[in-house]
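Reader: I'm new to this one and would like to go through it piece by piece. Can you take my questions as they come?

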Amino acid sequence: MDLSYTAAEEEFRAELRAWLGANVPDEWRRPGFWASLPEDESFRLRRDWERRKAEAGFAGIQWPVEYGGRGGTPGMKAIYDEEMVLADAPRTVNPLGLTFLAPTVMAIGTDAQKKEIIGPMLRNEVIWCQGFSEPGAGSDLAALACRGVRDGDDFVVNGQKVWTTNAVHGDKIFTMVRTDPGSERHRGISMLLIDMHQPGVDARPLKQMSGASEFGEVFFTDARVPATEVLGDIDDGWRTAMLLLSFERGASGISQYTEFRRQYDAIVGLARTLGRHTDPVLRDRLARVLTDLECLRLHSMHVLTQVEQGRDLGFEASMTKLIWSETFQDLWEVYDDLLGEAATLDQVSTESGGVDLRPLHAQSLWSRSVTIWGGSSQVQRNVTAERVLGLPR
Amino acid sequence: MFFALTEDQQEFGAAVRGYLAERFDLAAVRGVVEDTDGDGNPATLWKAAGEQGWLAVTVPEEFEGLGLGLVEAQVIARALGAGVAPGPWRGTVLAAEAIRLAGTDEQKATWLPRLAAGAAVGALAADRALAAVEYGAIADVVVTTDGRLVTGASGTPRGSYDGTVRLADLTGGTVEELAAAPEIRSRAAVLVAADLVGIAREALTRTVAYDRERRQFGVPVGSFQSIKHTLADLHCTITMAEHAALYAAHAVEVGAEDAALAVAVAKAKAGDAAVASTGAMIQYHGGIGYTWEHEAHLFYKRAKRLAGQWGDSGTHRARIAELTMGG
């Protein structure tokens with residue numbers, strides 16, 4: 001058992017911490033700061049900041065130097081994620097690209113794709129969207145209907161995608177498109193890399209139950225994409241998509257623990273402010289959540305160990321998604337219950353004045369989404385039961 | 001970063017599991033459970049525990065032990081839990097730990113080599129009353145968590161529906177003072193948590209195997225989604241409990257800052273996991289799972305008993321609240 005990082009990794013941490021200390025404005029750390037900005041402005045600020053961070057060498061931590069990365073270790077990536085949380089650094093504007101597309105490109109992309117995709121993504125010159133879900137194909141991704149018809153050197157794409165993160169800010173979208181006209185289900189799909197800046201692509205925001213618009217819809221009307229802009233083989237997009245989804249979180253779980261533990265501490269602080277912290281039922285429920293949070297931390301150390309040992313985690317990614325999302329939702333359910341009759345109020349009064357609950361409510365409402373996107377909990381349970389435990393389909 | 005068992009540690013666990021599978025399977029366990037007049041410590045198994053180093057695991061080499069630590073001990077505990085193995089292994093290891101940590105040179109020289117070899121049976125008791133002590137009736141030496149070393153006590157049997165153990169209330173005997181061993185309760189809780197984790201995993205594995213084969217409505221019952229989802233959730237819970245038991249053993253061994261929290265997390269998670277998993281084992285075997293002939297009750301009853309030992313889940317969660325919320 002060795003739970004430490006190497007000297008080189010700790011050196012990297014110190015360097016990164018110093019840079020973040022000097023480059024994350026104090027104002028940004030104030031609760032509710034980001035929510036107080038208009039969406040476009042928030043996106044622009046974060047996009048620029050992240051570009052500067054990349055220029056300082058703190059991006060693509062694990063990707064090879066020749067493709068614009070830092071050439072670091074999985075441990076450095078875990079440290080990077082954790083320090084970003086500790087510094088209250090803004091969330092990336094390119095999450096789908098960095099978490100899913102980049103590792104897939106590194107695994108199966110052509111050398112040209114590695115050069116063309118990774119560097120510009122790290123500098124936020126290209127914001128990537130993911131085009132998977134459709135109105136008729138949510139959990140059942142193989143039911144997708146978006147189609148691409150070969151026309152000379154191009155595919156001409158028609159159809160609709162939905163729940164597209166950053167749809168209105170996107171530059172390119174990696175999209176699951178049925179390219180073999182007679183095909184059904186998992187066969188005959190390709191993962192096309194479509195330029196969103198063209199007349200045939202219309203991206204619209206989608207207002208969520210929280211009032212925010214992280215997601216959107218993308219409509220393709222005779223959109224064109226060169227047939228060479230495919231990740232993996234043509235008509236073999238299912239295999240590409242399964243590989244891509246296997247990068248769910250991976251070694252970045254340690255930062256999730258750090259983030260959720262801070263939220264736990266904030267909720268405990270609120271309980272104290274409201275005089276609810278001595279309630280034995282509440283204490284038991286918080287302790288249950290804390291138990292699961294600690295297990296999440298240990299699980300991320302397990303995942304990092306497996307990654308460093310070069311082992312393939314395979315379908316274990318389903319368990320990882322399931323436990324973090326369910327634990328996160330449990331945490332925010334305790335928050336709701338702790339408020340009692342103030343559960344939906346914007347403000348709650350205490351002896352020392354009012355507490356603005358809106359930033360916390362935003363997290364609580366967001367927690368309803370995490371067990372759906374990226375493969376719902378029900379799908380993850382099916383995968384775990386069938387692929388890990390071997391129960392019959 | 002290396003949060004996992006080393007190859008040596010994995011081999012140690014495999015050796016214990018292998019021995020139980022070949023030489024002390026569930027039929028043998030059942031023999032002990034049904035022999036209600038017996039002392040609950042089958043000679044063949046005890047001999048193996050002494051010969052194969054299961055008892056010597058944490059005893060220093062200078063006292064004829066293996067000089068390993070709590071991480072290796074929890075590997076053995078997990079294997080014994082998976083096999084619902086009877087016998088005073090845990091009590092003997094914990095008595096040796098208490099003496100190693102707090103005993104005089106003379107007490108160490110007297111007891112450690114004998115406990116390591118299985119020449120003496122040990123027990124750890126939680127209080128001065130010496131009530132319901134595991135294998136108290138055959139223990140040559142009983143150590144209490146408040147620092148007493150008792151020999152020659154006489155035991156009155158205490159009935160328990162978990163037949164994989166024998167319990168006794170103890171009175172009399174000779175008492176020697178011993179310093180209170182640091183973290184001995186934590187060590188006990190970790191080894192019980194590991195036993196529970198072993199029970200939980202084995203119960204799930206057996207249930208999955210059965211539900212893949214058992215057919216109703218023309219299909220395997222394991223193809224039904226309500227069963228799949230419950231078993232998938234159990235797999236997640238048990239995996240987390242496995243992480244927690246492993247980490248708690250390590251944290252106590254190295255005196256990590258968060259050792260107290262780690263122990264509480266491990267015991268609460270493992271207890272809940274084992275009770276849920278063995279309950280599901282009964283439910284998802286259907287009627288056969290409720291019979292005496294089926295093995296489900298061996299796992300369930302052991303889980304029920306151990307879930308309450310060295311602090312039940314609620315007690316440990318109260319501790320977690322104290323550590324993370326203050327009073």
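Reader: Which way does H3(A) cross H7(A), left-handed or right-handed?

Author: The crossing of H3(A) past H7(A) is right-handed, a term for a near helix turned clockwise from the far one by less than a right angle, with anticlockwise being left-handed. This is a predicted model, in which local features need pLDDT of at least 70, side-chain atom pairs count only at pLDDT 80 or more, and totals for chains, interfaces and linings use all residues. Residues are numbered from 1 along each chain as its sequence is written, and chains are lettered from A and ligands numbered from 1 in the order in which they are written.

Reader: At what angle do those two helices pack?

Author: Helix H3 (residues 74-86) and helix H7 (residues 253-273) of chain A pack at about 20 degrees, with axes 7 Å apart. Axes are lines fitted to C-alpha atoms, for helices over the stretch in contact, and angles run from 0 to 180 degrees between N-to-C directions. Helices are DSSP runs of H or I with at least four residues, and strands are E runs of at least two, numbered from the N terminus. H3(A) and H7(A) are therefore roughly parallel (under 35 degrees; over 145 is roughly antiparallel, 65 to 115 roughly perpendicular, the rest oblique).

Reader: Which residues of H7(A) make the contact?

Author: A:Ile254, A:Ser255, A:Thr258 and A:Glu259 do, and the H3(A) side includes A:Ala78 and A:Met84. Contact requires C-beta atoms, placed from the backbone, within 7 Å. By class there are 5 nonpolar, 2 polar and 3 charged residues. Ala, Val, Leu, Ile, Met, Phe, Trp, Tyr, Cys and Pro count as nonpolar, Asp, Glu, Lys and Arg as charged, and the others, Gly among them, as polar.

Reader: And how does H3(A) sit against H8(A), roughly parallel or roughly antiparallel?

Author: The axes of H3(A) and helix H8 (residues 280-308) of chain A come within 9 Å and cross at roughly 150 degrees, so H3(A) and H8(A) are roughly antiparallel. There A:Pro74, A:Gly75 and A:Ala78 of H3(A) meet A:Leu304, A:Val307 and A:Glu308 of H8(A). That contact has 4 nonpolar, 1 polar and 1 charged residues.

Reader: Switching to chain B. What about H7(B) and H8(B)?

Author: Helix H7 (residues 184-213) and helix H8 (residues 225-254) of chain B cross at roughly 155 degrees, their axes coming within 9 Å. The pair is therefore roughly antiparallel, and the crossing is left-handed. Contact residues include B:Val190 and B:Leu204 of H7(B), and B:Leu231 and B:Ile238 of H8(B). They divide into 16 nonpolar, 3 polar and 4 charged.

Reader: How many residues does each chain put into the contact between A and B?

Author: Chain B gives 35 residues and chain A gives 36. On the chain B side, the largest share, 13 residues, comes from H8(B). By class, that side has 20 nonpolar, 9 polar and 6 charged residues.

Reader: Where is B:Pro88?

Author: B:Pro88 lies in the loop between helix H4 (70-82) and helix H5 (89-102) of chain B.

Reader: Buried or exposed?

Author: B:Pro88 counts as buried because 27 C-beta neighbours lie inside 10 Å (buried means 20 or more other C-beta atoms within 10 Å, exposed 12 or fewer, partly exposed in between, with C-beta atoms placed from the backbone). Leaving aside neighbours within four places in sequence, B:Pro88 is in contact with residues including B:Asn41, B:Val121 and B:Tyr135.

Terms used. Contact = placed C-beta atoms within 7 Å.
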